[in-house]
Amino acid sequence: MSMVAAQAATASEIIAGGFLPAKRFYSPAFAALEAERLWPSVWQLACRERELPSSGDWTTFDILGQSVVVVRQPDGALRAFHNACPHRGNRLVDGSGNARHFVCSYHCWSFELDGQLHAIPEREDFPPLDEACYGLCEVRVETWGGFVFVHLDPEAQSLQAWLAGLSEELSVYAFEEMACFMRRRISLPFNWKTCLDAFQEVYHVRGVHPQLLPVLKTAASTFHYWGPHSMMCNPNGEPAARGSGSADDRSLMLEFRRSKADAGDLDVSQLGESRLIDNYQYHLFPNISFNTHATGCQLFRFLPDPRDVESMLLDIWFLERDNAGVERAAEAKSHTLDGECTSFGQSLAGFTLPPGVRSFGQDLVDIYAAALDQDFEQLRPVQRGLHSAGLPPLPLSSQEQRIAHWNATLDKCLAGPGLDEAMQFRGVPREPPDGDGRC
Ligand code: FES
Ligand SMILES: [Fe+2]
């Protein structure tokens with residue numbers, strides 16, 4: 001299994017652009033390499049700690065053919081297990097719930113919350129077996145910022161080491177003090193990377209979100225890297241940048257964000273002006289993207305669809321800082337849309353902000369819904385077009401450098417037999433040599 005080191009990226013690892021073979025977005029062989037070498041070698045966001053407040057609360061996290069159940073222990077700790085019964089392999093639980101024991105639905109073997117075998121009906125009919133080997137198989141679980149991560153490799157580096165300097169960078173946002181007040185799961189007709197890449201750059205704002213152009217200064221973005229992870233900062237209303245922004249725009253934005261914080265009685269003094277005004281967007285390798293601001297965060301989890309390499313599941317979570325003096329918003333339940341609903345905006349029909357949510361107004365929900373649906377509409381013809389026999393390797397500009405960076409990291413994970421040259425990403429370092437860019 002390839003391991004990806006999570007030290008800060010060195011200058012030579014920071015890639016300014018590159019060339020991306022289109023096959024990576026539809027080839028079953030490439031998806032098989034991801035299943036074998038990527039997903040088992042990374043920490044994966046499974047759930048929020050607040051989803052499991054009480055002893056016996058459990059929830060499942062599925063990735064391709066693997067399923068993990070995370071469960072709160074009587075002593076408050078979290079443990080995670082492969083979600084399969086060691087008798088004949090039955091999936092133990094689905095969704096989320098609360099239990100004193102796990103009882104398998106097939107032949108009623110039962111297990112303690114700590115995974116140990118509790119009872120085997122008609123035990124005397126089995127040959128001698130070591131009961132210590134027939135508990136649930138444990139999975140690594142660690143937490144950061146109220147997020148629960150699991151890792152399928154028992155030898156993996158710690159979550160703290162994996163996050164490198166990112167956890168310090170993000171501590172000002174106090175994610176552990178946030179409630180997830182809205183969750184939606186949508187099934188979308190494109191590869192998970194096709195979708196992720198639209199969250200890695202704002203070069204597409206001109207074509208897809210023209211309503212954002214007056215405030216978002218796309219060409220003035222800056223990029224930062226922590227090992228495999230990255231951040232893009234898009235200045236809002238920066239007068240020196242391309243576009244029509246002005247210093248007044250920044251004052252207005254600051255006022256708007258401060259008014260949101262005031263609405264929730266939130267202390268945002270630990271955030272500098274830029275973090276109040278500008279768009280800070282992080283990528284947690286490989287499949288988490290989130291925008292952070294003064295009062296909350298919008299998080300996106302991109303999951304491959306086990307049935308189809310050109311389909312995916314997108315989880316959309318809106319989180320808000322706990323408002324001072326108000327009862328915490330209840331942690332939202334996941335809401336999966338049926339296959340007929342293809343719009344995030346439609347999925348919100350009937351949604352109202354919970355009473356505890358004060359700083360994240362309906363105006364922000366509407367802005368996000370409109371922009372996300374614009375992305376999803378655009379990505380359908382992208383996925384179709386990627387099959388064209390007439391495509392050269394797809395060139396990535398410096399504005400798209402995060403796509404280059406994460407694909408270079410992905411190739412480190414996938415390296416080995418089967419990753420043939422026709423599927424490999426070709427990165428261009430910061431100073432491109434003469435002549436690079438030929439087909
Ligand atoms: S498969 Fe679980 S008890 Fe038989
Ligand atoms: Fe977009």
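Two strands pair if DSSP finds at least two bridges between them; strands (E, at least two residues) and helices (H or I, at least four) are DSSP runs, numbered from the N terminus. This is a predicted model, in which local features need pLDDT of at least 70, side-chain atom pairs count only at pLDDT 80 or more, and totals for chains, interfaces and linings use all residues. Residues are numbered from 1 along each chain as its sequence is written, while chains are lettered from A and ligands numbered from 1 in the order in which they are written.

| Strand pair | Sense | Bridges | Partners |
|---|---|---|---|
| S5 (78–82), S10 (138–144) | antiparallel | 2 | Ala80, Val139 |

Helix H9 spans residues 362–385. Its buried residues (20 or more other C-beta atoms, placed from the backbone, within 10 Å of their own) are Val365, Leu372 and Leu379. Helices H4 (192–198) and H8 (344–347) are among the elements covering them.

A nonpolar core is a set of buried Ala, Val, Leu, Ile, Met, Phe, Trp, Tyr and Cys residues joined through C-beta atoms within 7 Å. The largest has 89 residues, and Val70 and Val150 are among those with the most contacts inside it. Another core, of 7 residues including Leu266 and Val268, lies apart from it.

Notes. Expected span 1.5 Å × (residues − 1). Buried ≥ 20, exposed ≤ 12 C-beta atoms within 10 Å, placed from the backbone. Contact = placed C-beta atoms within 7 Å.
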